[in-house]
Amino acid sequence: MDTEDKAVQCEVCEKWFSQQENLKRHQRIHTEEKSYKCEVCDERFRQFGRLLEHKRKHTGENPFKCEVCDKWFSQQGHLKTHLRIHTGEKPFKCDICDERFSESGRLKRHMRIHTGEKTFKCDICDERFSQSGSLERHMRIHTGEKTFKCDICDEWFSESGSLKRHMRIHTGEKLFKCDICDKLFSESGSLKRHMRIHTGEKPFKCDICDVRFSHSGSLKTHMRMHTGEKPFKCDICDVRFIQSGNLKTHMRIHTGEKPFKCDICDERFNDSGNLKTHMRIHTGEKNIQV
């Protein structure tokens, strides 16, 4: 190493410095000496500059301004990181998959995908997470906390993403399109389930009779045939049903509601199947049973 312009050397790590004062500041890394104390919260720092940066948290001072969007920052480093939003610069690269990041912290969190490291643990159920934010969201399952509220219908959600997806009900926004039939969906999961119509994929199998289903909900309903479970009860006559839809149809017996109308003779029915049977009178179609 060229040490011509570096007069003093650290005896611990052999790093060279041009000035004695710089060496003195550096040596605090090894000694863990923190000579500078914040008079507000008593937090201590190795370098005076770090203390000055810290004090801005208490004063609210933001001396560093972004010339692009006029946002202000308390530290020059924060401004430097922020500017990458405008420049698109991503100097930190994952050596495994080549994905790039604008911040070193984001790369560090990303690396846990490859290493499988999960440093954040739930104290209640011991489930582990690779990111602190994931643990924070998980904790709401135990606490029941719902901090995100829909301003239209006042429904509350535990995650901002859930609220965002919910808002599409009100806006009618459908971002996810089927490339085969062009049908649009408000959620990616709905599109994924829909695609099974085209692919014929049925990933959910009954362990008792081996019948397969394209949706987990269909399997859940099917399992009630084996267990005899009927969770949906009529509050009027106490008849129970396997599916909520069957209960809904049954309730029309009590309410007299007949939402299905024949477009030819205006006769009404409480069930779509009854309307379909009735239409054969007009079409002359015969219901052939084998």
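Mentor: Let us start with a term: a residue is buried when its relative accessible area is under 20%, exposed when it is over 50%, and partly exposed in between, using a 1.4 Å probe and protein chains only. At 48% relative accessibility, Asp 42 therefore counts as partly exposed. Please keep in mind that this is a predicted model, in which local features need pLDDT of at least 70, side-chain atom pairs count only at pLDDT 80 or more, and totals for chains, interfaces and linings use all residues. Residues are numbered from 1 along each chain as its sequence is written, and side-chain values use heavy atoms, with hydrogens and water left out.

Trainee: Where is Asp 42 placed?

Mentor: Helices here are DSSP runs of H or I with at least four residues, strands are runs of E with at least two, and both are numbered from the N terminus. Asp 42 sits in the loop between β3 (36-37) and β4 (44-45).

Trainee: What is the phi of Asp 42?

Mentor: Here is the general idea: most residues other than glycine have a negative phi. Asp 42 has a positive one, near 70°, without being a glycine. Asp 182 is also a non-glycine with a positive phi, of about 65°. Asp 182 lies in the loop between β13 (176-177) and β14 (184-185), and is partly exposed at 47% relative accessibility.

Trainee: How do I read the overall form of the chain?

Mentor: Begin with the elements: the chain has 10 helices and 20 strands. Its radius of gyration is 32 Å, well over the 19 Å from the globule rule for 290 residues, so the chain is more spread out than a compact globule. That radius is taken over C-alpha atoms, and the rule is 2.2 Å times the number of residues to the power 0.38. The C-alpha atoms fill a box of roughly 105 × 40 × 40 Å along the principal axes. Of the 290 residues, 19% count as buried.

Trainee: Which residues does Ser 74 touch?

Mentor: A contact means heavy atoms within 4.5 Å. Not counting residues up to four places away in sequence, Ser 74 touches Arg 56, Glu 61, Asn 62, Pro 63 and Phe 64. Ser 74 is in the loop between β6 (72-73) and α3 (76-87), and counts as buried at 16% relative accessibility.

Trainee: Which residues of α3 are buried?

Mentor: They are Leu 79, His 82 and Arg 84. Their cover includes β5 (64-65), β6 and β7 (92-93). After α3 comes Gly 88, with a positive phi near 80°.

Trainee: Is His 138 buried or exposed?

Mentor: His 138 is buried, with a relative accessible area of 9%. It belongs to helix α5 (residues 132-143). Leaving aside neighbours within four places in sequence, His 138 is in contact with Cys 122, Cys 125, Glu 127 and Phe 129.

Trainee: How many disulfides does the structure hold?

Mentor: A disulfide is a covalent bond between the sulfur atoms of two cysteines. Here it is counted when a pair of cysteine sulfur atoms lies within 2.5 Å, and the structure holds 0. For Cys 69, the closest cysteine sulfur is that of Cys 66, at 3.7 Å, which is too far for a bond. Cys 262 is in no disulfide either, as the nearest cysteine sulfur, in Cys 265, is 3.7 Å away. Cys 69 is partly exposed at 38%, whereas Cys 262 is buried at 0% relative accessibility.
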